[in-house]
Amino acid sequence: MVWSLHMISTEPDVRFGVSLVFPWIQDEKMDEKTKDMQKPVPIDQALQALMRGRNRAKKIGRNDPCPCGNGRKYKKCCLNLK
């Protein structure tokens, strides 16, 4: 089986595909092991949940206080250390 997931952070488009390279065979042992798994959700709901959980870091401006905590402006402190 080959899985492919393609996401670009600048675009809302997601491409997802599954290709089986062998014939599917139902397996009672696998069904038993996966019976308590969460049911699949539609892709649009899954993407909304994913986007809500994304941690979006705020960009530090030159005149903002430096995140290192010394009280100086970022441009006078850590900006040039990068």
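The following questions and answers go through a predicted model of a protein of 82 residues.

Student: What is the order of the elements from the N terminus on?

Tutor: The elements run β-β-α-α, and the protein has two helices and two strands.

Student: How many disulfides does a search of the whole structure find?

Tutor: The search finds zero. Cys66 has its nearest cysteine sulfur, that of Cys68, 3.5 Å away. A disulfide needs two cysteine sulfur atoms within 2.5 Å, so Cys66 is in no disulfide. For Cys68 the nearest cysteine sulfur is that of Cys66, at 3.5 Å, and therefore Cys68 is in no disulfide either.

Student: Why is Cys66 called buried?

Tutor: Its relative accessible area is 6%. Buried means under 20%, so Cys66 counts as buried.

Student: What makes Cys68 partly exposed?

Tutor: Cys68 has a relative accessible area of 46%. Partly exposed lies between the 20% cut-off for buried and the 50% cut-off for exposed, so Cys68 is partly exposed.

Student: How many of the residues of the protein count as buried, in percent?

Tutor: Of the 82 residues, 4% count as buried. The protein exposes about 8000 Å², and carbon and sulfur atoms supply 56% of that area.

Student: Why is the pair Glu32 and Lys35 called a salt bridge?

Tutor: The closest N and O atoms of Glu32 and Lys35 are 2.9 Å apart. The cut-off between a side-chain nitrogen of Lys or Arg and a carboxyl oxygen of Asp or Glu is 4 Å, so the pair qualifies as a salt bridge. The structure holds one salt bridge.

Student: Is Glu32 buried, partly exposed or exposed, and why?

Tutor: The relative accessibility of Glu32 is 48%. Exposed means over 50% and buried under 20%, so Glu32 counts as partly exposed.

Student: Where does Asp64 lie, and why is Asp64 called partly exposed?

Tutor: Asp64 lies in the segment after α2 (43-52). With a relative accessible area of 27%, Asp64 falls between the cut-offs of 20% and 50%, so the residue is partly exposed.

Student: Which residues does Asp64 touch, not counting those up to four places away in sequence?

Tutor: Asp64 touches Lys58, Lys59, Arg72, Lys73 and Tyr74. Touching here rests on heavy atoms within 4.5 Å. The C-alpha atoms of Asp64 and Lys75 are separated by 8.1 Å, and these two residues are eleven apart along the chain.

Student: What share of the contacts with a separation of 6 or more joins residues 24 or more positions apart?

Tutor: Such residues account for 8% of those contacts in the protein.

Terms used
Residues are numbered from 1 along each chain as its sequence is written. This is a predicted model: local features need pLDDT of at least 70, side-chain atom pairs count only at pLDDT 80 or more; totals for chains, interfaces and linings use all residues. Side-chain values use heavy atoms; hydrogens and water are left out. Buried means under 20% relative accessible area, exposed over 50%, partly exposed in between (1.4 Å probe, protein chains only). Helices (H or I, at least four residues) and strands (E, at least two) are DSSP runs, numbered from the N terminus. Accessible areas come from the Shrake-Rupley method with a 1.4 Å probe; for residues, only the protein chains shown count as cover.
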